[in-house]
Amino acid sequence: MSTFLESQQPQAPAVVDSHELAVSIKVSFYPSTDDYAYIAQKVNSAYKLPSRAQYALQAFLLINMLGLPAVLWYFDQLLVGLAVLIVSLILSIAFLPALLRSDYRHYFSSAFGSIEKEVAEVELTDDGVWCRHSDSSSFHPWKKINRLEETKQSIYFFFDHNGMAVAKTGFAFDDEKNRFLTFAKQHVKDFTTV
């Protein structure tokens with residue numbers, strides 16, 4: 001009976017080292033060239049072309065998409081003009097963006113080679129985000145990270161003219177992924193789900 005009473009008595013709190021109180025969440029995963037291509041597209045789309053280049057590109061598209069069919073229609077080539085218009089629309093809406101994505105993937109595959117075969121580790125701390133990959137590491141303080149984005153495959157951190165991806169395959173359970181995202185959302189104001 002005395003053993004039972006002793007176990008019910010309050011215990012003195014254990015001494016905790018201040019380093020143990022620091023919060024951090026780590027995830028390890030294999031990076032993907034698709035993630036690098038996605039980041040490159042997002043960063044490039046945020047870049048605004050100078051107005052002269054923008055007007056020149058718009059004029060070029062206008063002439064090719066509408067001008068050529070209009071000339072064909074003027075010379076009673078209605079079906080050919082309609083076919084040119086449809087092909088131009090398909091090329092500009094579907095084919096060109098897919099071609100750009102493919103070019104980005106090819107570039108990162110050739111530039112980084114075995115990037116998908118080496119494990120990357122991302123650690124979130126109260127100070128910022130640590131990334132370790134291929135015997136190198138980088139640190140990004142929270143104040144420099146301006147956007148957080150989630151897709152079906154990855155979580156992206158965007159900062160000054162660049163970004164970093166965390167593949168969701170690194171999380172064994174949804175709970176881990178949700179804890180990681182919640183921690184990141186507490187530090188990054190702009191969050192988007194795609």
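**Notes on the model**

1. Helix 5 gives the largest share of the lining of the second largest pocket, seven residues. Helices (H or I, at least four residues) and strands (E, at least two) are DSSP runs, numbered from the N terminus. Helix 4 (51-74) and helix 5 are the elements that give two or more residues to this lining. The volume of the second largest pocket is about 340 Å³. Its lining includes Leu57, Phe60, Leu61, Val87, Leu91 and Leu100. By class there are nine nonpolar, three polar and no charged residues. Here Ala, Val, Leu, Ile, Met, Phe, Trp, Tyr, Cys and Pro count as nonpolar, Asp, Glu, Lys and Arg as charged, and the others, Gly among them, as polar.

2. On provenance: this is a predicted model, in which local features need pLDDT of at least 70 and side-chain atom pairs count only at pLDDT 80 or more, while totals for chains, interfaces and linings use all residues. Residues are numbered from 1 along each chain as its sequence is written, and side-chain values use heavy atoms, with hydrogens and water left out.

3. The largest pocket holds about 520 Å³ of space. A pocket is an open set of points, on a 1 Å grid over the protein atoms alone, where a 1.4 Å probe fits, with protein on both sides within 12 Å along at least five of seven lines; lining residues have an atom within 4 Å of a point. Points are joined across faces, edges and corners, and a volume is the space filled by probe spheres set on them. Of the 27 lining residues, Tyr36, Ile115, Cys131, Gly163 and Met164 lie nearest the centre of the largest pocket. Helix 3 supplies the largest share of this lining, five residues. The classes are 14 nonpolar, eleven polar and two charged.

4. The largest nonpolar core has 23 residues, and Val122, Leu124, Trp142, Phe157, Val166 and Phe180 have the most contacts inside it. Such a core is a set of buried Ala, Val, Leu, Ile, Met, Phe, Trp, Tyr and Cys residues joined through side-chain atoms within 4.5 Å. Helix 6 provides the largest share of this core, four residues. Leaving out residues up to four places away in sequence, Val166 touches (heavy atoms within 4.5 Å) Val27, Phe29, Val122 and Phe180, among others. Another core, of five residues, lies apart from it and includes Tyr38, Tyr156, Phe158 and Ala165.

5. Which residue of helix 5 is worth a separate entry? Phe108 is found there. Phe108 is buried, with a relative accessible area of 11%; buried means under 20%, exposed over 50%, partly exposed in between (1.4 Å probe, protein chains only). Ala40 is 68 residues from Phe108 in sequence, with 9.8 Å between their C-alpha atoms.

6. Strand 2 and strand 3 are antiparallel, with four bridges; two strands pair if DSSP finds at least two bridges between them. Leu124 is opposite Val129 in strand 3. Strand 3 also pairs with strand 4, antiparallel, over six bridges, with Trp130 opposite Phe139. The hairpin of strand 3 and strand 4 has two residues between them, and Ser134 in the turn has a positive phi of about 50°.

7. Strand 5 is joined to strand 6 by five bridges in the antiparallel sense, and to strand 8 (residues 191-193) by three bridges in the parallel sense. Glu149 has Tyr156 as its bridge partner in strand 6 and stands opposite Thr192 in strand 8.
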